[in-house]
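Biologist: Here is a model I would like to go through with you. I want a close look at one part of it, then its surroundings.

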Amino acid sequence: MNRREFLKIPIAAALLGLVPIGEAKQIKLQPAEVKTGRSGRKFALLWSATKCIFCGACVAACNAVNYNRDKTPNLTWGWPQANTRLVEVKHGEAPRYIFTQCQHCEEPPCVYNCPTGASYIDKELGGLVLVDYNLCVGCKYCISSCPYEARWVNGEGTPSKCTWCVQRVKEGKLPACVAFCPVGARDFGDINDPDSSIAKRLREAKAVYVLMPEKNTKPRFYIVEE
Amino acid sequence: MSETKPVAWPRRDYGVLVDLDKCNGCGKCVEACKLRNGTSYELRYKTFSPTELTGTTWLSVRKYSGVSTPYRCFHCYSAVCALVCPVNAHIVTDYGAVIIQTDKCIGCGRCAEVCCYGTPRQGFDRRYKKCDLCIDRIAKGSPPACVEACPTGALKFGPVAEIYRQAKEEEARGRKTYGVELTHWVYVYSNEEAFREFLDDVARRKDPEKIRKIFSFPVERATYPPVSYLGIEGAAVATALIAFFGWRQSRIEEKKRAGSHE
């Protein structure tokens, strides 16, 4: 090795170092089939990519309803204290942005990986994935097991997740992100009931997508194009 | 957490019911609004247009397919502007009104960028201004200036629960509503097409990349400024090169000295 070749090594290393290290994980939108008309309640959430105007009202509404307008940041996501966020996904040629949140999977990895049984599926409430904070010990296994990175925690403490505003759903209201959307881009309801508005919108949509069906988690957050 | 944490909504909320079928577009509300805000001198200007919101005009009356539509801040419950304001100039008050404290505003424009209805407007002093629901008048027990000035009774003022009840009654009679349990400025209308035109015009689609940057700001404020990786790596490489060449130079000189000794 002569001197010129030896000098190339640090320069090449420097150039390699300029490439961003933590490149954003690219999620792909996958077309989905919606199975409806079964017995029992099955809640689902719908987000319309064509109706959304990206104003962020869902984020602010979640922050106001669940976190009492707390303006300190959520350090896990680099986002306000809210359970819904904007992520970049790969769909077709161009990447684009979608609002996403906890998918309330039918096969939730966070529930299967919880050592204390704090994360559970509420069968009476249409299968919402909830957390019993009396049992949670803050081990954060759920955060690392979730493929959607839907849970977040600020430093030491118990993880927080989207509950589809269970306190409002119990009262018969819609979740905050659905109720406070100014253009009706979101919808929430029982997809086993064919007369519900969400089932109608899913039936009439041009295209329905879910995130990461290859993980076999059976997500219930549908992205539609109307 | 959300299961255990009770949240107190503002309890003394007031709202305004806008009946679009009664509005005749006379513009008395715009005049009253400007009189209350001390900007009525603008009414004499040739450039003044009652259909445009500006830093001094906080209420405008627009026409869509022949339907006059009063348009101002909706005072929505979500209040995205209050969440993204970096200096807490934008606040949600007890009356349900979302107001800008003009003395605190730094004119960064985040509120105008995220607002669902595009109402905050920049004034000549670079600060953002919008309707404040006349909270000083509400505190005294009188309705906002626009409601008081309305000659046709298209605008109605009252506690927000009462407003929502009236709107639901109208809905039961077959008319459409917008803003029930969503805003403090509720529309009741029967011409659906005209209202959709209005909503498409005011609630415009935004650039998601910009919105993501705006929502990421709390972290930037909480942590130290980001370190430039290029700077650190460049400095490391430069130091290594300088050290290498210095060492090489010293070796050459050493060898020369050794050669001269021999």
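Please look closely at strand S1 of chain B (14-19). How many of its residues are buried? Which residues lie on each of its faces? What is the order of the strands in its sheet?

Modeller: First, the ground rules. This is a predicted model: local features need pLDDT of at least 70, side-chain atom pairs count only at pLDDT 80 or more, and totals for chains, interfaces and linings use all residues. Residues are numbered from 1 along each chain as its sequence is written, while chains are lettered from A and ligands numbered from 1 in the order in which they are written.

Start with the strand. Helices (H or I, at least four residues) and strands (E, at least two) are DSSP runs numbered from the N terminus. S1(B) is mostly covered, with 6 of its 6 residues buried. Buried here means 20 or more other C-beta atoms within 10 Å of a residue's own; exposed means 12 or fewer, and partly exposed is in between, with C-beta atoms placed from the backbone. Both faces are covered. Tyr14(B), Val16(B) and Val18(B) are buried on one side. Gly15(B), Leu17(B) and Asp19(B) are buried on the other.

Now its partners. Strands of a sheet pair through backbone hydrogen bonds, either parallel or antiparallel. Here, two strands count as paired if DSSP finds at least two bridges between them. S1(B) pairs with S8(B) in the antiparallel sense, over 5 bridges. In that pair, Val18(B) has Leu155(B) as its bridge partner. S1(B) also runs parallel to S10(B), joined by 4 bridges. There, Leu17(B) stands opposite Val186(B).

Zoom out to the sheet. It is open, with 4 strands in the order S8-S1-S10-S9 of chain B and mixed pairing. S8(B) and S9(B), residues 176-178, stand at the edges; each has a single partner strand, so one side of each is left without a neighbour in the sheet. From one strand to the next, the twist averages 20°. S9(B) pairs with S10(B), residues 185-189, antiparallel over 3 bridges. Thr177(B) has Val188(B) as its bridge partner there.

Two helices of chain B come next. Helix H6(B), residues 160-172, lies across S1, S8, S9 and S10 of chain B. It runs at about 25° to S1(B); axes are lines fitted to C-alpha atoms, for helices over the stretch in contact, and angles run from 0 to 180 degrees between N-to-C directions. Helix H1(B), residues 28-37, has Cys29(B), Val30(B), Ala32(B), Cys33(B) and Lys34(B) as its buried residues. Their cover includes strand S2 (60-64), strand S3 (67-71), helix H5 (145-149) and S8 (155-159) of chain B. Two residues are in contact if their C-beta atoms, placed from the backbone, lie within 7 Å. After H1(B) comes Gly38(B), with a positive phi near 75°.

A nonpolar core is a set of buried Ala, Val, Leu, Ile, Met, Phe, Trp, Tyr and Cys residues joined through C-beta atoms within 7 Å. The largest has 117 residues, and those that touch the most other members are Ala57(A), Ala61(A), Val18(B), Ala79(B), Val80(B), Cys81(B) and Leu155(B). Helix H2(A) gives the most to this core, with 8 residues. Leaving out residues up to four places away in sequence, Val80(B) touches Cys55(A), Gly56(A), Ala57(A), Ala60(A), Val114(B), Cys115(B) and Cys116(B).

That leads to the interface. 37 residues of chain A are in contact with 33 residues of chain B. Helix H1 (3-18), H2 (57-67), strand S4 (79-80) and helix H5 (166-170) of chain A each supply at least two residues of chain A's side. H2(A) gives the most to that side, with 8 residues. By class, the side has 26 nonpolar, 9 polar and 2 charged residues. Ala, Val, Leu, Ile, Met, Phe, Trp, Tyr, Cys and Pro count as nonpolar, Asp, Glu, Lys and Arg as charged, and the others, Gly among them, as polar.

Last, the whole chain around your strand. Chain B has 10 helices and 10 strands. Of its 262 residues, 34% count as buried.
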